[in-house]
Amino acid sequence: MLYCEACKVKIAGDHTHCPLCGGNVTGEAEKKCYPVLVPSKPNLTKKIMQISTIAVFAAQIICTAVNVLVTPTIWWCLYTLFGLICGWVWLAIGLAKKENMKKSIAWQLVVVSLFSLLWDIGTGWRGWSVDFVFPSIYTCALLVLLLLARLLHVPVRDYIIYAGLGAVLGIIPVIFMATGLVHVLIPSVVCVSVSLIVICTLLLFHWKAVHGEVMKKMHL
């Protein structure tokens, strides 16, 4: 602790001169006992979710009011409700998984598939979900994942499980074709072909990485 010979007092803190008389001080200054407070940064994710939630509520209230006033016999506001919920969930998952792009793509794939299927069933089942949406999103998600891994120089072990999962999901249209649910073959055939090529490539060139990651995930 610092000491002032003139004032005969001990001085706490870090000073070059006595705060009472302005004279010289002796001794060693005390280390700062309080941490430096860093201003906290605003949580952008939380802010976006709050704004989007308010926007969803406001949009649905407006749609419901218009529905009641203009077309009370047709409850189309239920479709807008489901659409807004789909968009909100999609945004929430994207923000929650934003730190891991690979996991975000996998989650978005599942969410879009499920919602498109529910939309198709809810609107009378025209089959557009299995004809176009499923094969298109599977193919695009797989290609985007591989492209990002290449551009960002991601190690094979870090994306191989997600790429394998996407490729396996890309074979699902075979089931739709076999059961006669698919009426437009081109998107499904392209999707299955791309998925099979990716699976063969992973097994032939990265077998050790595939085997190691599978064993790790299964705790074997």
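**Notes on the predicted model**

1. What covers the buried residues of H1 includes H2. Those buried residues are Met49, Ser52, Gln60 and Asn67. Bear in mind throughout that this is a predicted model.

2. Helix H1 covers residues 44-70, and helix H2 covers residues 77-96. They pack at an angle of about 175°, with their axes 9 Å apart. That angle makes H1 roughly antiparallel to H2, because angles over 145 degrees count as roughly antiparallel.

3. Which residues make the contact? From H1 come Thr45, Ile48, Met49, Ser52, Thr53, Val56, Ala59, Gln60, Cys63, Thr64 and Asn67. From H2 come Cys77, Thr80, Leu81, Leu84, Trp88, Leu91, Ala92 and Leu95. By class, the contact of H1 with H2 has 12 nonpolar and seven polar residues. It has no charged residues.

4. The length of H1 is close to expectation. The helix has 27 residues and reaches 38 Å from its first C-alpha to its last.

5. Helix H3 runs over residues 101-122 and contains Gln108. Is Gln108 buried or exposed? Gln108 is buried, with a relative accessible area of 14%, and the cut-off for buried is under 20%. Not counting residues up to four places away in sequence, Gln108 touches Trp90, Ile93 and Gly94.

6. How many disulfides does a search of the whole structure find? The search finds zero. Take Cys7: the closest cysteine sulfur is in Cys21, 3.5 Å from the sulfur of Cys7. That is too far for a bond, because a disulfide needs the sulfur atoms within 2.5 Å. Cys7 counts as partly exposed, at 26% relative accessibility.

7. Cys191 is in no disulfide either. The nearest cysteine sulfur to Cys191 is that of Cys140, 9.3 Å away. Cys191 is buried, with a relative accessible area of 1%.

8. Helix H4 takes in residues 128-151, and Phe132 has its place there. The relative accessible area of Phe132 is 41%, so this residue is partly exposed. Leaving aside neighbours within four places in sequence, Phe132 is in contact with Val184 and Pro187. Phe132 and Cys21 are 111 residues apart along the chain, and their C-alpha atoms are separated by 84 Å.

9. The length of H4 also checks out. Its 24 residues should span 34 Å at 1.5 Å a residue. The end C-alpha atoms are 33 Å apart, which agrees. Just after H4, His153 takes a positive phi of about 55°.

10. Where does Gly27 lie? Gly27 is in the loop between strand E2 (9-11) and H1. Its relative accessible area is 58%, so Gly27 is exposed; the cut-off for exposed is over 50%. With neighbours within four places in sequence left aside, Gly27 is in contact with Met1 and Leu2. The C-alpha atoms of Gly27 and Ile161 are separated by 62 Å. Along the chain, Gly27 and Ile161 are 134 residues apart.

Definitions and conventions: Residues numbered from 1 in each chain as written. Predicted model: local features only at pLDDT ≥ 70, side-chain atom pairs only at ≥ 80, totals over all residues. Heavy atoms only, no water. Axes fitted to C-alpha atoms, helices over the stretch in contact; angles between N-to-C directions. Helix = DSSP H or I, 4+ residues; strand = E, 2+ residues; numbered from the N terminus. Parallel < 35°, antiparallel > 145°, perpendicular 65-115°, else oblique. Contact = heavy atoms within 4.5 Å. Nonpolar A, V, L, I, M, F, W, Y, C, P; charged D, E, K, R; others polar. Buried < 20%, exposed > 50% of the residue type's maximum accessible area, 1.4 Å probe, protein only. Expected span 1.5 Å × (residues − 1).
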